[in-house]
Amino acid sequence: MKTSDNEERLLLFIEQAPVAIAMFDRDMRYLSASRRWRNDYGLGERDLYGRSHYEIFPEISDAWKAVHRRGLAGEVVAAEEESFVRADGSIQWLRWQVQPWFETCGAIGGIIIFSEDISKRKQAEQAKRESEEEFRVLSEAMPQLVWASDVHGRADYFNSRWFEYTGQSFEDAKNLGWLSALHPEDVVRTQEAWTEAVSKGGVYEVQYRLKGKDGAYRWFLSRGVPRRGDSAKIERWIGTCTDISAQKDLEEVLQAAREAAEDASRAKSEFLVTMSHEIRTPMTIFMGAIQHLLEIDQNPEHRQLLDMADAAAQRLLTLIDDILDFSRIEARKINIDAVAFDLRACVNEVVRIFSLAAQEKNLVLDTEVASEVPERVIGDPKRLGQILVNLVGNAVKFTHAGEIHVGVRTAGEALEFRVTDTGIGIPLEKHPRLFERFSQVDSSLTRRYGGSGLGLAISKGLVELMGGNISVQSEAGKGSCFRFTLPLRLPV
């Protein structure tokens with residue numbers, strides 16, 4: 001068959017076209033086929049010119065042959081989607097069009113077939129359908145209320161649990177209709193949280209009361225996350241609503257119990273403060289009377305009894321002061337001063353107080369303040385001294401041989417104080433309760449050494465009120481090291 005220059009150009013164009021195109025004569029013999037056509041139909045590099053399309057594809061259906069005849073009759077035929085068996089036996093999905101081509105004389109010379117391989121799109125659509133079906137099956141199997149929305153936050157799916165609980169229909173709940181099932185007090189807060197999550201693309205989480213079809217409200221935790229596509233853009237939102245009414249009820253019970261305990265603690269603290277003050281007044285008079293008798297009564301037997309009464313009164317007064325301090329600490333009503341003071345003088349004063357008691361037990365009591373520690377700092381010297389008195393006093397009390405060391409150094413932006421001894425030590429299992437009120441390692445120690453059991457609890461409370469923390473390292477028979485830190489503040 002002789003071709004004109006225009007026909008040759010057309011054949012060359014078809015051959016090099018980036019889309020799937022094939023040109024046939026009236027007998028459905030190939031005149032040209034593009035590379036894309038060869039690739040799409042698995043034809044490779046074989047020579048197609050002059051060969052029958054039906055020879056290449058012997059299994060071609062009668063329906064396709066009918067389409068070809070319609071094209072050869074002058075009709076343009078097209079289909080959006082069509083499956084096709086490739087030469088290698090695989091299934092291909094196509095979007096195609098068949099139209100006649102005309103010779104210069106106006107007669108129909110054959111047909112041109114245009115096709116686009118849409119197999120990947122069909123596979124993606126199938127995968128999406130399967131994924132959505134799996135999601136629906138999974139959502140129906142879940143005990144929670146499950147929902148989904150489009151990228152703009154308009155709800156377009158609810159599982160059957162939602163409808164069973166709320167009594168809503170899909171028409172009632174779609175878009176933002178689900179908000180009508182919320183407690184009126186929770187609507188604005190919930191909608192604001194949802195709008196913010198959709199606008200920022202973050203996780204949506206909110207608690208609200210949801211009305212059941214019986215008219216009763218229950219608490220739910222609603223949580224939604226965005227589902228992103230290959231381009232990282234949000235495509236949908238998927239979330240659940242979990243019934244947390246039992247948890248909320250428990251929280252209310254615990255809160256009520258906590259408030260009751262706090263009320264009881266405040267009442268107890270107020271009672272202790274009141275009673276301590278009431279006891280302190282007659283105790284002061286009593287101790288004054290003892291001191292007066294000690295001055296005027298020189299009878300040895302009387303003085304022995306008076307000395308015993310004075311020691312007992314001093315111990316009782318110390319206990320009263322401890323109870324007052326602890327009650328104030330619990331009630332957060334104790335004042336912490338912030339004044340400039342000489343740190344070394346404060347530490348040395350505490351050591352001086354116990355130096356005689358240490359000498360009587362042949363203990364070495366020393367102190368070391370690191371050179372980098374500032375001379376003056378901002379804090380409460382009285383409360384710092386009180387903490388050190390408690391710790392050093394315990395060290396002297398529970399150490400029978402060896403030494404007690406008081407050290408101070410800087411630790412970053414804090415001051416670290418250490419009181420180390422070679423005393424009886426503390427069993428590891430006793431550490432958790434060591435700083436609790438009225439707690440001692442062994443009740444027999446109370447009888448042997450005395451004490452209120454409030455010293456360490458008071459020390460811990462004071463340290464924490466001053467912004468620090470306290471800890472202990474100790475083992476039975478191996479001594480103890482109490483360490484506490486306080487923020488380092490310098491005078492301006």
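**Figure 1. Cavities in the predicted model.** Three cavities of 30 Å³ or more turn up in a search of the whole structure. The model is predicted. The largest cavity holds about 90 Å³ of space. Rolling a probe the size of a water molecule over the atoms shows where empty space is left.

**Figure 2. The lining of the largest cavity.** Three strands each supply at least two lining residues: strand 6 (145-150), strand 7 (155-158) and strand 8 (204-211). By type, the lining has nine nonpolar residues, two polar and no charged.

**Figure 3. An aromatic pair, Trp147 and Tyr204.** The structure holds 12 aromatic pairs. In this one, the ring centres of Trp147 and Tyr204 are 6.2 Å apart. Their planes meet at 75 degrees, so the pair is edge-to-face; the cut-off for that class is over 60 degrees. Trp147 belongs to strand 6 and Tyr204 to strand 8, so the pair ties together parts that lie 57 residues apart in sequence. Both Trp147 and Tyr204 are buried. Ring pairs link Trp147 and Tyr204 with Trp194 and Trp237 into a cluster.

Figure 4. Now take Phe482 by itself, leaving aside its neighbours within four places in sequence. Phe482 is in contact with Leu391, Phe417, Arg418, Val419 and Ile426, among others. Its contacts also include Leu434, Phe435, Leu456, Ser471 and Val472.

**Figure 5. Ala73 in its loop.** The loop that holds Ala73 runs between helix 4 (62-72) and strand 3 (77-85). Ala73 has 65% relative accessibility, so this residue counts as exposed; the cut-off is over 50%. Gly110 is 37 residues from Ala73 in sequence. In space, the two are 9.1 Å apart, C-alpha to C-alpha.

Key: Residues numbered from 1 in each chain as written. Predicted model: local features only at pLDDT ≥ 70, side-chain atom pairs only at ≥ 80, totals over all residues. Heavy atoms only, no water. Contact = heavy atoms within 4.5 Å. 1 Å grid on protein atoms, 1.4 Å probe; cavity = no way out; pocket = protein on both sides within 12 Å on 5 of 7 lines; lining within 4 Å. Points joined across faces, edges and corners; volume = space filled by probe spheres on them. Helix = DSSP H or I, 4+ residues; strand = E, 2+ residues; numbered from the N terminus. Nonpolar A, V, L, I, M, F, W, Y, C, P; charged D, E, K, R; others polar. Phe/Tyr/Trp six-rings, centres within 6.5 Å; stacked < 30°, edge-to-face > 60°. Buried < 20%, exposed > 50% of the residue type's maximum accessible area, 1.4 Å probe, protein only.
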